[in-house]
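Please look through the sequence and the structure below before reading on. This briefing then walks through a few of the features that can be found in them.

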Amino acid sequence: GSEEDCEALQSLKRNGLGAGEDGPPEGDGGVKKQYPIELVADRHVPLDLISFYRHIFSSRSSFFALYHQERGDWDFSASPWNAVPGTPGSYSREVKYMSPVNKSVGGFSVGPKRTRARETQRCCLCVGTGSRVVVETVASYLDIPYGDTFQVEMRFEVRQAPVTDPALGPAGSVSVTVRANVKFLKSCLFKSMILTETANELRPAMDKWMSLAMSVARSEVSVLAPRKVPRRSLRNSDPPSGIVVPPPDLRLAAAVLADTDPALPPASHSAMAR
């Protein structure tokens, strides 16, 4: 593409996903500081990056609905991914579900037995050298005691693995890292308890998430719905409603998120595989 296109791509790779007005933390150290709770560390999944996105995060996938069902949640719904204005290659969606609350003190139930959960997910697919998918989520639990004092933030980072363990499948696997943070919105006397309980609940939940992802990768669980539109090229047709077409170097990312099939030359596909 042009120098402007390349500059846009480099900016996307450099900045990744926003983490507030000041932008994301720089480097792994900044990520670990912002998301201090490590839940999944460099777990390999035998899918290439594009396939992983399609099966786990795309609007066609029922992965998150199945995951929340396994957790015991219900009434799950997710909006389609919508382009984030002014941020090429970034998309967001809203997720809602009901979740059970199992809290007791001295044998007596504390608080409601269920809570509404609201979650904002933001996704960025960076292509080229260092190809990766980053999804950041912010969840609020509306009906639990002190639920208005904190939010649960998570960061899923999926990288094209440079080296594949033969035992995990063919070349083209990804490495998955998941980290979390409890962000307090106001002063709370039970901060330490909330931090501990949140971490204790997130770890088994992420074990279920990874187990389900591996089942999907091994074709033991089907999560992709049939296509609703014919395969087509972004170059020869109008983009789907609500999708902002980025510069050519970013069209692969936009096409995957819009779940269309970009007509890119073979060299572009082979570049993704490296």
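The model is a predicted one, and a search of the whole structure finds 13 aromatic pairs. On the surface, a nonpolar patch is formed by Tyr-146, Leu-189, Phe-190 and Met-193.

**Aromatic pairs and the cluster**

- A pair of aromatic rings is described by how far apart the centres are and by the angle of the planes.
- Among the 13 aromatic pairs, Phe-63 and Trp-209 form one that is edge-to-face, with 5.4 Å centre to centre and 80° between the planes.
- This pair links distant parts of the chain, because Phe-63 lies in helix H4 (residues 63–71) and Trp-209 in helix H5, 146 residues apart.
- Phe-63 is buried, with a relative accessible area of 0%, and Trp-209 is buried with a relative accessible area of 0%.
- The rings of Phe-64 and Tyr-67 have their centres 6.4 Å apart and their planes at 85°, and since planes over 60 degrees apart count as edge-to-face, this pair is edge-to-face.
- Phe-64 and Tyr-67 are three residues apart in helix H4, which means that about one helical turn separates them.
- Phe-64 has a relative accessible area of 7% and is buried, while Tyr-67 counts as buried at 4% relative accessibility.
- One aromatic cluster is formed by Phe-52, Tyr-53, Phe-57, Phe-63, Phe-64, Tyr-67, Phe-156 and Trp-209.
- The ring of Phe-64 also has a charge over it, for the charged end of Arg-93 sits there, 5.6 Å from the ring centre.

**The nonpolar surface patch**

- Together, Tyr-146, Leu-189, Phe-190 and Met-193 have about 450 Å² of accessible area in their nonpolar patch.
- Leu-189 lies in the loop between strand E10 (174–184) and helix H5 (191–217), and this residue is exposed, with a relative accessible area of 84%.
- Tyr-146 belongs to another loop, the one between strand E8 (132–141) and strand E9 (150–160).

**Positive phi angles**

- Tyr-146 has a phi near 65°, which is a positive value in a residue other than glycine.
- Asp-42 has a positive phi as well, of about 50°, although Asp-42 is not a glycine.
- Asp-42 is found in strand E1 (residues 37–45), and at 53% relative accessibility Asp-42 counts as exposed.

Terms used: Residues numbered from 1 in each chain as written. Predicted model: local features only at pLDDT ≥ 70, side-chain atom pairs only at ≥ 80, totals over all residues. Heavy atoms only, no water. Patch = residues over 30% accessible without salt bridge, like charges linked within 9 Å, V, L, I, M, F, W, Y side chains within 5 Å. Areas by Shrake-Rupley, 256 points an atom, 1.4 Å probe, with all protein chains shown as cover. Salt bridge = Lys/Arg side-chain N within 4 Å of Asp/Glu carboxyl O. Helix = DSSP H or I, 4+ residues; strand = E, 2+ residues; numbered from the N terminus. Buried < 20%, exposed > 50% of the residue type's maximum accessible area, 1.4 Å probe, protein only. Phe/Tyr/Trp six-rings, centres within 6.5 Å; stacked < 30°, edge-to-face > 60°. Lys NZ or Arg CZ within 6 Å of the ring centre and 35° of its normal.
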